[in-house]
Amino acid sequence: MHEHISTIRIRYSETDQMGVVYHGNYAQFFEIGRTEWLRTLGVTYKYMEKTGVMLPVISLNCNFKKSAFYDDFITIKTYLKKTPTVKIEFNYEIVNQDNDILCTGSTSLAFINSETKRPIRCPEYLLNKLNS
């Protein structure tokens, strides 16, 4: 399925005193990957919210392989596991500038009606973009 690549430089504020990226930042890296993945399809969280759709994370999995360090360039590879239904599942692979795998992971997000707070199916506009 569609894959997206995002590249960022590790900022000092994302590291501990040893210059190693704090593990909690990987959830934010995953978010960068999936928001940019959506943006390449012409969809944003802002648009989804305007159309009454919320997309909360319902699960997050992260497998650490190597450390990322201050001033490293990292690449976040983001892709879908399968066609979305009432949830959308992403896989991630984060590599450094030497192409060493730093982390792999996944997230699942549920499509929620913003008024009723109940699960809904993936919006047609997103499915249409995935199929075009």
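The structure is a predicted model, in which local features need pLDDT of at least 70, side-chain atom pairs count only at pLDDT 80 or more, and totals for chains, interfaces and linings use all residues. Residues are numbered from 1 along each chain as its sequence is written, and side-chain values use heavy atoms, with hydrogens and water left out. The protein has 3 helices and 7 strands; helices (H or I, at least four residues) and strands (E, at least two) are DSSP runs numbered from the N terminus.

**Overall build**

- From the N terminus on, the order of elements is β-α-α-β-β-β-β-β-β-α.
- The radius of gyration, taken over C-alpha atoms, is 16 Å, close to the 14 Å that the globule rule gives for 132 residues, so the protein is as compact as a globular protein of that length. That rule is 2.2 Å times the number of residues to the power 0.38.
- Along the principal axes, the C-alpha atoms fill a box of roughly 45 × 30 × 20 Å.
- Among contacts (heavy atoms within 4.5 Å) with a separation of 6 or more, 67% come from residues 24 or more positions apart.

**Surface and charge**

- Of the 132 residues, 42% count as buried; buried means under 20% relative accessible area, exposed over 50%, and partly exposed in between (1.4 Å probe, protein chains only).
- The protein exposes about 7,600 Å², of which carbon and sulfur atoms supply 49%; accessible areas come from the Shrake-Rupley method with a 1.4 Å probe, and for residues only the protein chains shown count as cover.

**Glu89, a buried residue**

- Glu89 belongs to strand S5 (residues 87–96) and is buried, with a relative accessible area of 10%.
- Its side chain makes a polar contact of 3.3 Å with the side chain of Lys82. A polar contact is a pair of N or O atoms within 3.5 Å; within protein, one must be able to donate a hydrogen and the other to accept it, and residues adjacent in sequence count only if both atoms are side-chain atoms.
- Beyond its neighbours within four places in sequence, Glu89 is in contact with Tyr79, Leu80, Lys81, Lys82, Thr107 and Ser108.

**Exposed residues**

- Asn99 lies in the loop between S5 and strand S6 (101–110), is exposed at 53% relative accessibility, and has a positive phi near 65° without being a glycine.
- Lys117, in the loop between strand S7 (112–113) and H3, is exposed with a relative accessible area of 53%, and its phi is about 60°, a positive value in a residue that is not a glycine.
- Asn131 lies in helix H3 (residues 124–131) and is exposed at 63%.
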